[in-house]
Amino acid sequence: MYFCKDKQFQRNMKIIIINGPNLNLLGTREPSVYGNESMDDYLARLRKRFPNIEIEYYQSNIEGELINKMQQAGFSYDGIVLNAGAYTHTSIALLDCIRSISTPVVEVHISNVNGREEFRHHSVIAPGCKGTIQGFGLDSYRLAIESFMG
């Protein structure tokens with residue numbers, strides 16, 4: 001929780017998880033890579049684990065919609081957890097968005113992208129992010145949330 005000495009109130013940390021293309025299929029898409037758990041089920045576990053953090057979720061398969069959502073959250077949230085999916089490797093527009101907002105962004109990948117196809121080894125968005133977490137399955141999201149707490 002955050003406390004402000006000048007005012008008599010406290011507020012919970014506000015974090016949004018933003019997932020890019022094809023991540024709406026978690027739980028059914030390539031279970032050997034992404035696991036069997038749906039994002040809805042995992043979000044319920046995250047919210048239970050972090051009851052004092054307001055965790056919002058957004059997913060889109062469309063690059064411009066991801067940018068719009070980051071711009072909406074990018075000046076009033078405490079953190080953005082971004083799994084840009086395949087846009088990680090191609091989207092200068094997402095990088096420009098990340099650099100234009102004040103909310104810190106942590107790049108997340110469920111799989112170890114460096115252990116996959118060569119084209120996945122380079123992140124275009126990483127230079128604008130606070131950090132990158134990858135390869136820990138859905139727990140990559142938990143680790144990203146924890147990175148905003150300390």
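Asn 83 is buried, since its relative accessibility is 4% and buried means under 20% relative accessible area, with exposed over 50% and partly exposed in between (1.4 Å probe, protein chains only). The residue belongs to strand β5, residues 79-83; helices (H or I, at least four residues) and strands (E, at least two) are DSSP runs, numbered from the N terminus. Beyond neighbours within four places in sequence, Asn 83 is in contact (heavy atoms within 4.5 Å) with residues including Ile 18, Val 108, His 109 and Tyr 141.

The model is predicted, so local features need pLDDT of at least 70 and side-chain atom pairs count only at pLDDT 80 or more, while totals for chains, interfaces and linings use all residues. Residues are numbered from 1 along each chain as its sequence is written, and side-chain values use heavy atoms, with hydrogens and water left out. The predictor's confidence in each residue, pLDDT, runs from 0 to 100. The chain averages a pLDDT of 90, and 93% of the residues score at least 70. Over residues 1-9 the pLDDT is below 50, and this stretch has 13 contacts in the model beyond near neighbours in sequence. Where pLDDT is low, the predicted coordinates should not be read in detail.

An unreviewed UniProt entry gives the feature "binding site" at Asn 83, His 89, Asp 96, Ile 110, Ser 111 and Arg 120. These residues do not all gather at one spot, because the farthest two C-alpha atoms are 24.5 Å apart; in sequence they span 38 residues. From this set, Asn 83, His 89, Ile 110, Ser 111 and Arg 120 are in the lining of the largest pocket. On a 1 Å grid over the protein atoms alone, a pocket is an open set of points where a 1.4 Å probe fits, with protein on both sides within 12 Å along at least five of seven lines; lining residues have an atom within 4 Å of a point. UniProt positions are in the numbering used here, feature names are shortened, and annotations may be inferred rather than shown by experiment.

His 89 sits in the loop between β5 and α4 (92-100) and is buried at 14% relative accessibility. Leaving out residues up to four places away in sequence, His 89 touches Phe 119, Arg 120, His 122 and Val 124.

The unreviewed entry in UniProt also lists Tyr 34 and His 109 under "active site". They gather at one spot, because no two of their C-alpha atoms are more than 9.6 Å apart, although they span 76 residues in sequence. Both Tyr 34 and His 109 are included in the lining of the largest pocket. Tyr 34 is part of helix α1, residues 31-34, and is buried at 8% relative accessible area. His 109 lies in strand β6 and is buried at 6%.

The largest nonpolar core has 23 residues, and Ile 17, Leu 46, Ile 55, Val 81, Tyr 141 and Ile 145 touch the most other members. Such a core is a set of buried Ala, Val, Leu, Ile, Met, Phe, Trp, Tyr and Cys residues joined through side-chain atoms within 4.5 Å.
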